[in-house]
Amino acid sequence: MASVEIRNIQKNFGPVSVIQGVSFDIEDGEFVTLVGPSGCGKSTLLRMIAGLENISGGELRIGPRVVNDVPPKERDIAMVFQNYALYPHMTVADNMGFSLKLKGASKAEIKQRVDRAADILGLTKLLDRFPRQLSGGQRQRVAMGRAIVRDPQVFLFDEPLSNLDAKLRVAMRTEIKALHQRLKTTTIYVTHDQIEAMTMADKIVVMHDGVVEQIGAPLELYDRPANLFVAGFIGSPAMNFLKGHLQGGRFVAQDGTVLPLGHAPAASDGQPVVYGIRPEHFMLDDTNGLPAEVSVVEPTGSETQVFAKLAGTDVVGVFRERVDAKPGQQIRIAPDPKLVHLFDDRTGQRL
């Protein structure tokens, strides 16, 4: 196991800068998720850590070593890709032990490590099968087992669950987290799915257009997003945003509707701001709620999602109660003022 230090890392493809001076530390044994939309640079950064992409600038350390110019095979890392990359003509056991065979390990050592990894991942009964005889989840576990047998300092995962169906993704998410808790190996996990990031990581690095927007624990990012991008990216459904301005310590939407604030920030009257409220922080309130016209109702069983127009803006609310409303009807909803977020409309930064 080892820590990873990323210092002002840059990556250019010709004149195009795709990673722009990224810096953060990953502690020994920590599970860190790189998350962001497609094209934000997270997979490119992971490939630079793996040694599959050259570093244009900055310094990368794995443990005490600077590894900028160290070949991938000498970095003591193991990578699990989005596609399983299994050899179809080899059995599960041969696939898992192939890297050790290339290193010249003895048959006894290979068998010992493969059996250990298979026991951890529940693959013992499948060791004699070929990849074509396995389900998608089993193939992904074999790919993980191939990484485990190497006993690396760092695990790298590049969107490993993208090819799985929704139910299997949830199950594999749990397996990967349980695996990390058992092995305590430093893990860097790339995904565009913020639910994966929230449920699995000790620390999340949110990236956008080649820069780091915010770093923190999952609930820290959820409760105190640094800017509009993080607020809109973390959380599902996404946070609702209403534009307006501050007036006399109150928020006034563009159509003149006044929305409640827990406390007004130190800002001047008339300052353009964005009012942020998460869908689950709306309450149904027939007495003091604001009128909202329903457009779509989506019951999911344990909760109901209601899409509506509030203060001239499309919003979504998530309610534990049954909502008996039809499109075109009006309901009254109230945002919890203690859980409101305010952002500067010009810079996007949290106030």
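Which residues form one aromatic cluster?

Analyst: The aromatic cluster is formed by Phe31, Phe155, Phe157 and Tyr189. The model is a predicted one, in which local features need pLDDT of at least 70 and side-chain atom pairs count only at pLDDT 80 or more, while totals for chains, interfaces and linings use all residues. Residues are numbered from 1 along each chain as its sequence is written, and side-chain values use heavy atoms, with hydrogens and water left out.

The structure holds seven aromatic pairs. Rings of Phe, Tyr and Trp (its six-membered ring) pair if their centres lie within 6.5 Å; planes under 30 degrees apart count as stacked, over 60 as edge-to-face and the rest as tilted. The ring centres of Phe31 and Tyr189 are 5.9 Å apart and their planes meet at 35°, so this pair is tilted. It links distant parts of the chain, as Phe31 belongs to strand 3 (residues 31–35) and Tyr189 to strand 8 (residues 186–191), 158 residues apart. Helices (H or I, at least four residues) and strands (E, at least two) are DSSP runs, numbered from the N terminus.

Both Phe31 and Tyr189 are buried. Buried means under 20% relative accessible area, exposed over 50%, and partly exposed in between, with a 1.4 Å probe and protein chains only.

Tyr189 also forms a tilted aromatic pair with Phe157, at 5.7 Å centre to centre and with 35° between the planes. This pair, too, links distant parts of the chain: Phe157 lies in strand 7 (residues 154–158) and Tyr189 in strand 8, 32 residues apart. Phe157 has a relative accessible area of 3% and is therefore buried. Tyr189 counts as buried because its relative accessibility is 0%.

For context, two further features may be described. Arg278 lies over the face of Tyr222, at 4.0 Å from the ring centre; a charge sits over a ring if NZ of Lys or CZ of Arg is within 6 Å of the ring centre and within 35 degrees of the ring normal. Helix 1 (residues 42–50) is mostly covered, with seven of its nine residues buried. Among them are Leu45, Leu46 and Ile49. Gly51 follows helix 1 and has a positive phi, near 90°.

To return to the cluster, Tyr189 pairs with Phe31 and with Phe157, and these residues form one aromatic cluster together with Phe155.
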